[in-house]
Amino acid sequence: MGPFSTRRNKLALIVLAGIFLAGIMPESVVVAQNCGCPSDQCCSRWGFCGTTEEYCGTGCQEGPCIAAPPTNDVSVADIVTDEFFNGIIAQADDSCVGKSFYSRAVFLEALESYPRFGRVGSVDDSRREIAAFFAHVTHETGHFCFIEEINGASRDYCDEDNTQYPCNPDKGYYGRGPIQLSWNFNYGPAGESIGFDGLNAPETVANDPLISFKTALWYWENNVQPVIGQGFGATIRAINGALECDGGNPATVQARVQYYTDYCNQLGVAPGDNLTC
């Protein structure tokens, strides 16, 4: 598959795979979907009980959740300038459908629902996070050229074992939007969080630019932002996992790193360590 038709191997799948293997986990760790946990356990964003960071960290619904770090005073709009955003999309061919779909104005509107994006840690941390986000978006969409995954409709992205977010057999959960959201177990909760029917109308992500950007920010906040302090390489793993990391596809890893270091240079910040996965 080319750089714009990458299959999702999401962190969510890794977490859920471990959860569904309840036979090898203590009964006290997995109580039931949708929680109802003992007082000393956390209800994770996936609706299961446990005590580790996967349960008590990002998206924790109740229990002894780990408090999120405070936000800083960075203005993302001041960093993601017209010059920066348009410098990316200008590299797409004029025939690209994304050129009339994606825009800085809609990105900033979507950002209003995700006030933690680019605003955690130091100013340099904020700039690195913004550079990382747009590096992945650039790679996934070909400089905002593509809205949907190339040949995505021919691929099966239905995890039939996921009964919490069952697939509609008439729908396809292939990559759409800036981060190319994929799989029913991502479309379902993204739709619940954002306010659209992710399972029965996944095409909304390719038809509504505001929802499209919100799905990218939703995925980022829940799966990428928690690991960004580990370096850019960790963000690659959170987005495409073993399909690219650990020797899976070193060329695409290097392409993402190149975009990231370029954007760090544009934003005047050092890229940091651990760039690859």
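Visitor: Buried means under 20% relative accessible area. What is the relative accessibility of C264?

Guide: In this predicted model, C264 has 0% relative accessibility, so C264 counts as buried.

Visitor: How many disulfides are there?

Guide: The count comes to six disulfides, with sulfur atoms within 2.5 Å taken as the rule. Among them is the link of C37 and C49, whose sulfur atoms are 2.1 Å apart.

Visitor: Where do C37 and C49 lie?

Guide: C37 is in the loop between α1 (11–20) and β1 (42–43), whereas C49 belongs to strand β2 (residues 49–50), so the pair ties together parts twelve residues apart in sequence. The torsion about their S-S bond is -90 degrees, and the link is left-handed. C37 is buried at 18% relative accessible area, and C49 is buried at 0%.

Visitor: How far apart are the sulfur atoms of C60 and C65?

Guide: They are 1.9 Å apart in that disulfide. The link of C60 and C65 is left-handed as well, with -65 degrees about the S-S bond. C60 is buried, with a relative accessible area of 16%, but C65 is partly exposed at 31%.

Visitor: And C245 with C277: which parts of the chain does the pair link?

Guide: The sulfur atoms of C245 and C277 are 2.0 Å apart in a disulfide. Their S-S torsion is about -90 degrees, so this disulfide is left-handed. The pair links distant parts of the chain, 32 residues apart: C245 is in the loop between α10 (232–244) and α11, and C277 is in the segment after α11. C245 is buried at 1% relative accessible area, while C277 counts as partly exposed at 22%.

Visitor: Changing topic, how many aromatic pairs does a search of the whole structure find?

Guide: The search finds 21 aromatic pairs. In one of them, the ring centres of F84 and Y263 are 5.4 Å apart and the planes stand at 70 degrees, so the pair is edge-to-face. F84 is in helix α4 (residues 82–89) and Y263 in helix α11 (residues 250–267), so this contact ties together parts 179 residues apart in sequence.

Visitor: Are F84 and Y263 buried or exposed?

Guide: Both F84 and Y263 are buried. F117 and F133 also form an edge-to-face pair, 5.0 Å centre to centre with 70 degrees between the planes. F117 is buried at 3% relative accessible area, and F133 is buried at 0%.

Visitor: Which residues do ring pairs link into a cluster?

Guide: The cluster includes F84, Y263, F117 and F133, along with W220 and F213.

Visitor: Finally, what lies over the face of Y174?

Guide: R176 does, at 4.0 Å from the ring centre.

Definitions and conventions: Residues numbered from 1 in each chain as written. Predicted model: local features only at pLDDT ≥ 70, side-chain atom pairs only at ≥ 80, totals over all residues. Heavy atoms only, no water. Phe/Tyr/Trp six-rings, centres within 6.5 Å; stacked < 30°, edge-to-face > 60°. Helix = DSSP H or I, 4+ residues; strand = E, 2+ residues; numbered from the N terminus. Buried < 20%, exposed > 50% of the residue type's maximum accessible area, 1.4 Å probe, protein only. Lys NZ or Arg CZ within 6 Å of the ring centre and 35° of its normal.
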